[in-house]
Every structure is written in structure tokens, then in C-alpha cells.
Amino acid sequence: MIMPNIGALIAWGLITAMFIQVGWTPVGKIGGFGTHMVDGTATPWLGLVGPTITYLLPILIAYQGGKMAYPDHETRGGVVGAVAVMGVIVGVQGSPMFIGAMIMGPLAGWTMKKLDSLWEGRIRPGFEMLVNNFSAGIWAAIVAIFGLYIVSPIVSWIMTILGNLVGFLVRHDLLPLASIFIEPAKVMFLNNAVNHGVLTPLGTAQVATAGKSILFMLEANPGPGMGVLLAYMFFGRGASKASAPGAAIIHFFGGIHEIYFPYVLMKPRLLAATILGGMTGVFLNVLFHNGLVGPAAPGSIIAFTLMAAKGDLIKIYIAILASIAVSFVISWLILKTDKTEEIDDGDLAAATMRMEEMKGRPSAASQHLVGAGVPSSEIHRIAFACDAGMGSSAMGASVLRNKIKEAGFGDVTVVNQAIANLKDEYQVVVTHKDLATRAAPKVPSATLLTVDNFMGSPRYDEVVEMIRAQRSVPVGAGVGASSSSAQIAAESDEEAEGYAGHASVLTTDTITLNGSARSKDDAIREAGQMLVEEGAVDNGYIAAMYDREKSVSTFMGNGLAIPHGTNEAKQFINRSAMSFVRYDQPIDWNGNPVRFVIGIAGKNKEHLTILGKIARIFSNTESVQALENARTEQEVLDILGKVNS
């Protein structure tokens with residue numbers, strides 16, 4: 001909820017730093033101080049600083065939270081969340097309601113989603129807009145009132161406790177002890193919750209009275225992490241040593257602190273270095289009476305420079321440098337004396353994956369740590385890996401293969417593989433984010449890329465750019481397949497050649513245009529039951545489809561999911577077959593809207609041809625629209641390109 005709104009936080013911070021009464025260039029009309037005459041009466045300036053932090057930023061955060069909680073609709077959850085947070089804003093006056101926004105936004109979006117499901121598919125044609133608008137408006141009003149009377153007292157109580165705790169630490173000169181809790185919390189991915197949920201609201205209240213606050217610097221200080229990265233630069237091994245310089249630049253100048261978390265996760269004792277480094281910085285900031293006039297978001301040296309209170313910049317630099325020095329020395333001692341285990345490429349990759357698991361989604365910055373850069377050897381072989389190597393990976397490999405061929409690099413092979421069968425013979429390996437920890441040890445020499453959308457992942461374009469960068473080929477130009485690469489290219493052509501002559505894997509009998517399921521589990525069962533009724537699989541295969549879904553989502557992107565069994569479930573498959581189910585209303589597939597569900601049972605490789613064609617279909621928005629508009633089962637079969645031919 002916070003990260004998409006960092007730009008707004010920076011805008012508020014810049015306005016505050018420049019134009020408040022103690023800012024660099026005070027302007028009363030902008031900063032909100034002084035008075036002006038209105039009808040002969042001296043009236044205080046409202047300014048931009050107060051309304052922005054009081055209303056705009058919490059509303060933006062709540063909108064994002066509501067939208068995340070109701071992803072099936074583009075704006076419905078966000079709008080309801082934005083209205084709902086007004087109850088808490090009004091109920092808790094005098095403190096920015098970031099915590100309230102983080103509560104009310106998702107709560108409003110999620111409850112709106114549940115309410116919509118009650119009358120889904122039951123609204124008479126022509127009344128959809130009327131029902132949708134009034135239901136959203138009525139519920140938004142109810143939730144806003146709930147926030148005013150129920151949530152705001154709770155949030156006010158929490159803020160009072162936190163304020164008293166910080167006040168106690170400040171009064172007793174114990175504020176450096178806060179690093180004991182803050183630094184471990186950062187590595188556990190509570191950094192944004194601690195900084196923007198707790199410290200930013202409290203710091204903003206201090207700015208209103210003192211013109212600056214030290215609280216903005218407690219979590220955002222880049223010094224502790226920088227000390228750890230410098231130690232790895234000089235005393236690390238393998239990938240940790242090689243990647244640390246780039247990570248240090250991203251961390252210190254880009255403010256992306258999560259880049260150093262895997263280095264600490266490899267050696268948890270390094271938390272001592274970050275804690276002592278953080279305490280050093282806080283101690284000096286207290287000693288020098290340093291402060292920022294707004295949150296340093298992201299926590300980079302650039303943000304600290306822009307947000308520094310007038311006259312504090314040099315003293316802030318001294319505190320940051322001291323925290324770097326202490327963290328570096330402690331990290332050096334730990335790395336030098338710790339002989340219990342080696343620090344190698346696998347450790348760093350595994351730690352990075354653990355970090356992404358805690359975060360709950362892939363980290364763009366962490367790709368620097370697992371070799372997301374251009375491989376040192378020229379890219380000729382790419383593997384798309386999944387559990388069984390027969391479903392998700394076949395779809396993804398087909399899309400990626402087409403992109404590479406369209407770019408003109410015909411000598412690059414893209415194959416799909418089961419993770420268990422991976423060999424360290426590929427320059428690039430692509431897999432689902434939830435399978436990365438299993439794939440990484442199999443291919444230590446490869447660049448490992450993770451995706452969560454098989455149809456339209458930006459990772460595919462990154463691979464094309466890697467190839468282009470290696471060969472210094474301008475955009476729009478490429479190379480054809482050479483005779484020396486014919487054998488390699490033949491591997492990928494297995495899919496293109498297909499397995500014609502076998503029984504049809506998709507027929508009009510296994511196509512349904514009006515699916516009855518309303519949940520992911522029901523949709524999996526509906527697609528699987530069609531395969532059972534066709535005699536293609538035994539009943540045990542449906543249970544394997546559920547097992548596969550628990551392992552990693554079969555959501556492909558562009559409204560498509562392809563549930564299928566695990567690699568161990570082949571004993572239940574009698575012959576290759578596929579089922580196609582279309583739904584009038586989207587199915588919630590782990591937060592992603594799905595209109596099309598394709599069940600797969602692959603005996604050998606007979607279904608790969610159709611998977612490749614389906615991948616091309618669902619990569620094209622016009623083709624997807626045609627499937628949505630199809631009126632008969634035969635039309636669907638025709639759109640899919642006579643997949644059995």
C-alpha cells in the first residue's frame with residue numbers, strides 16, 4: 001500500500017522541506033503559516049503541507065489497499081476504501097492516519113468484494129450500473145461511519161501508546177535502543193510498516209510543532225545496511241562478493257534497503273552489526289539534535305539530503321558515516337571469524353528466495369543478487385521450468401519462444417523442463433516465483449528469472465534485451481538460425497511439429513461456454529470432472545490437480561488458468577485430453593480474475609502442440625476477445641486454430 005504512493009510522500013516532503021516556516025525558503029501560502037486578510041479579517045493560511053498529510057496521503061494509501069483487496073474490479077475496492085478512511089481521519093484528528101488507512105482500505109475493499117459475490121449473476125440486464133453504483137455508495141458510507149465510531153478509537157489508542165513509548169525513550173535518552181527492534185524488523189520485511197505506519201505519523205506531528213523530527217531517520221538510515229555490504233565487498237566469497245558492489249549502489253543511492261536483506265539472512269549474526277550501526281547513528285543524531293522535515297522515502301542518501309532540516313545536513317552525514325563504520329567493522333569481524341559454513345552462490349540465491357517468500361512477491365531489486373544481469377556466456381539455450389514440465393512451462397516457453405523468434409534470434413532454443421530434470425546446461429532459466437528456491441540449486445551457472453504471469457510477463461522482454469545486448473544488435477534486427485544450431489533448434493521444434501495422428505485432445509464435448517463454478521476449487525473440479533467423464537483420466541487425477549495448485553498457482557495471465565495434475569499423477573491418465581470452460585463472471589484465482597479454465601491431462605507430449613497454440617491465442621488480446629464472444633463450442637475450437645489438426 002505504501003510503495004505505490006512513495007512519489008506522493010516525496011512531493012509532500014519536498015514541499016515541507018522548502019516552504020514551512022523553518023524551511024529553506026519559507027512561503028506562508030504554501031507552508032501554512034502566517035495570515036492573510038479576508039474581508040478585513042486576519043485569516044491563517046491553510047497551506048499545502050497540512051491537508052496533504054492529513055487527507056491526501058491516507059486517502060491514496062486506503063485507495064491502494066482497497067484496490068489490492070478487490071483486484072477483480074479496476075477501481076471499485078479502491079473507491080470504497082478511499083471513502084471509508086475518511087471516518088478514521090475525522091475520528092482521530094491531529095495525527096496522520098496512515099495506520100487507519102492501512103486498516104480501512106483493505107477492510108472496505110474486501111467486504112465490498114464479499115457483498116458483490118452475494119448478488120453476482122442475479123442482477124437483471126440493464127440494472128447493473130444502478131445496482132453497482134448504489135451498493136458501493138451505501139456500503140462506503142456504512143464503512144466510513146464504522147471507521148468513525150469503532151476503528152478510530154482503537155487507532156487513537158494505538159497511536160497514544162506508541163507516542164508515549166517514543167516520548168519515554170526520548171525523555172530518558174534511550175532512543176538508540178529502538179534499533180534493537182527496528183533493524184531485525186526491517187529484515188523481516190516490516191520496514192514499511194514500522195517506518196510509514198508508526199514513525200512517519202509520529203514524526204509528522206513533531207514537525208508541526210518543532211519543524212523537524214529525528215523519527216524520520218530511525219528506520220530509513222542507509223548506514224547499517226551499507227556497512228554490511230561493504231564488508232561483503234572486501235571479505236565475502238563467490239556471488240556475495242561479486243554482487244555486493246552493485247547492491248551497495250542500489251541501497252545507498254537508490255534507497256532500496258531490501259537489497260541487503262539476503263546478505264543478513266545468510267548470516268543472521270550480522271543483525272548485531274546492523275543494530276549497533278543503527279544505534280550509533282541514532283545516538284549521534286540525538287547528540288547533534290538532527291532532524292528531517294519529512295520522511296526519507298526511499299531511504300537513500302539523496303532523500304536524506306533533500307529532507308534535511310536547515311543547518312543539519314553535515315551533522316546528518318556524520319551520523320550516517322559513523323553508522324556505516326560501526327556496521328562495517330562488526331560485519332568484518334563476523335565474516336572473518338565465522339568458519340562454520342561457506343558463503344557461496346547457492347547461499348545467496350537461497351537467502352534471496354527466502355526474502356521474497358517473506359515479502360510475498362518477487363523483488364525487482366533482488367534480481368541483481370540471483371544473476372538477473374546478462375550472462376557471461378552467449379545465450380543459446382533457455383529452459384522454462386515448472387513442476388512437471390508439461391503444463392505451465394510449456395505455455396510460458398511457447399510465449400517466450402515466439403518473442404525471441406520475432407526479435408530475429410532464431411538460433412536461440414527455448415525448451416520446457418520439469419525442475420527435477422534440469423541440468424546446468426542453460427544460460428537462462430525461467431520459472432514461477434514459487435518454484436525458484438527449488439530451481440536455483442539445479443542451475444547455479446544460469447541466470448534465474450522468476451515470473452508470476454506466464455502470458456505477459458515483462459521478464460520475457462528482459463530476456464530478449466539480454467540477447468540483444470550480448471550481440472550488440474539494434475532493435476528491429478536479429479540473426480537467423482545457423483546450420484551449426486540446427487540440432488539445438490530441433491529440440492524446441494518438437495512442440496511445433498506436434499503429435500498429429502493421435503486421438504483428439506480437445507473436442508466440442510470437452511468445451512463448456514457457461515461454467516457453473518464460483519470459486520477456484522469448484523472450477524478445478526469442474527474442469528477435471530469433464531476429463532473424467534471423457535474417460536481420459538481416473539478420479540484420482542482431480543485430487544492431483546488440487547495438489548498441484550497448492551504447490552504453485554496455475555494462473556497464466558490474461559484471464560486464463562490451466563489446472564493440471566502433479567508429475568506423480570501420470571498413473572491416473574489414460575490418454576491425453578483437455579477441457580475448456582468459460583465463465584460469465586471472473587473466478588477469483590488467488591487474487592487474479594480468471595474467465596477461462598483449461599484442464600490438462602498429458603499422457604506423453606501429445607498435448608504440447610495445443611498448449612503452444614493456446615499460448616499464442618492468449619497472448620493476443622483480439623483472440624481473447626473472440627473467445628469471450630464465441631457463441632458455440634465449435635467457434636471456440638475454430639478460434640483455437642483447429643488444435644487437433
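Modeller: Ground rule for the labels: helices (H or I, at least four residues) and strands (E, at least two) are DSSP runs, numbered from the N terminus. R76, for instance, is found in helix α4, residues 76–91. Keep in mind that this is a predicted model, where local features need pLDDT of at least 70 and side-chain atom pairs count only at pLDDT 80 or more, while totals for chains, interfaces and linings use all residues. Residues are numbered from 1 along each chain as its sequence is written, and side-chain values use heavy atoms, with hydrogens and water left out.

Colleague: Stay with R76, then. Buried or exposed, and what makes you say so?

Modeller: Buried means under 20% relative accessible area, exposed over 50%, and partly exposed in between (1.4 Å probe, protein chains only). R76 comes out at 8%, so it counts as buried.

Colleague: What makes R76 and D116 a polar contact?

Modeller: The term asks for a pair of N or O atoms within 3.5 Å; within protein, one must be able to donate a hydrogen and the other to accept it, and residues adjacent in sequence count only if both atoms are side-chain atoms. The side chains of R76 and D116 are joined at 2.6 Å, so they pass. There is also the backbone oxygen of N132, which lies 2.8 Å from a polar atom of the R76 side chain.

Colleague: Which residues does R76 touch, not counting those up to four places away in sequence?

Modeller: Contact means heavy atoms within 4.5 Å. On that count R76 touches Y70, M112, D116, N132, N133, S135 and A136.

Colleague: On to aromatics. How many aromatic pairs does a search of the whole structure find?

Modeller: Eight. Rings of Phe, Tyr and Trp (its six-membered ring) pair if their centres lie within 6.5 Å; planes under 30 degrees apart count as stacked, over 60 as edge-to-face, and the rest as tilted.

Colleague: Why is the pair of F235 and W332 called tilted?

Modeller: The centres are 6.0 Å apart, inside the limit, and the planes stand at 40 degrees, between the two angle cut-offs, so the pair is tilted. F235 sits in helix α8 (223–235) and W332 in helix α13 (313–337), so the pair ties together parts 97 residues apart in sequence. By accessibility, F235 at 35% counts as partly exposed, and W332 at 27% is partly exposed too. F234, F235, F328 and W332 form one aromatic cluster.

Colleague: And what makes the pair of Y260 and F261 edge-to-face?

Modeller: Its planes are at 80 degrees, over the 60 cut-off, with centres 5.0 Å apart, so edge-to-face it is. Y260 has 0% relative accessibility and counts as buried; F261, also with 0%, is buried.

Colleague: Which residues touch the most other members in the largest nonpolar core?

Modeller: Y232, Y263, L292 and F304, out of 82 residues. A nonpolar core is a set of buried Ala, Val, Leu, Ile, Met, Phe, Trp, Tyr and Cys residues joined through side-chain atoms within 4.5 Å. Helix α6 (128–171) gives this core its largest share, eight residues. Apart from it lies another core, of 43 residues, among them A397, L449, M556 and F580.

Colleague: What is A244 in contact with, leaving aside neighbours within four places in sequence?

Modeller: L229, Y232, M233 and Y263. A244 lies in helix α9 (238–254) and, at 0% relative accessibility, counts as buried.

Colleague: Now sheets. What is the order of the open sheet of four strands?

Modeller: β4-β3-β5-β6, with parallel pairing. Two strands pair if DSSP finds at least two bridges between them. β4 (413–418) and β6 (447–451) have a single partner strand each, so they stand at the edges with one side left without a neighbour in the sheet. β3 (381–386) and β4 have six bridges, so they clear the limit of two, and C386 stands opposite A418 in β4.

Colleague: Why call β4 largely enclosed?

Modeller: Five of its six residues are buried, so the rest of the structure largely encloses β4.
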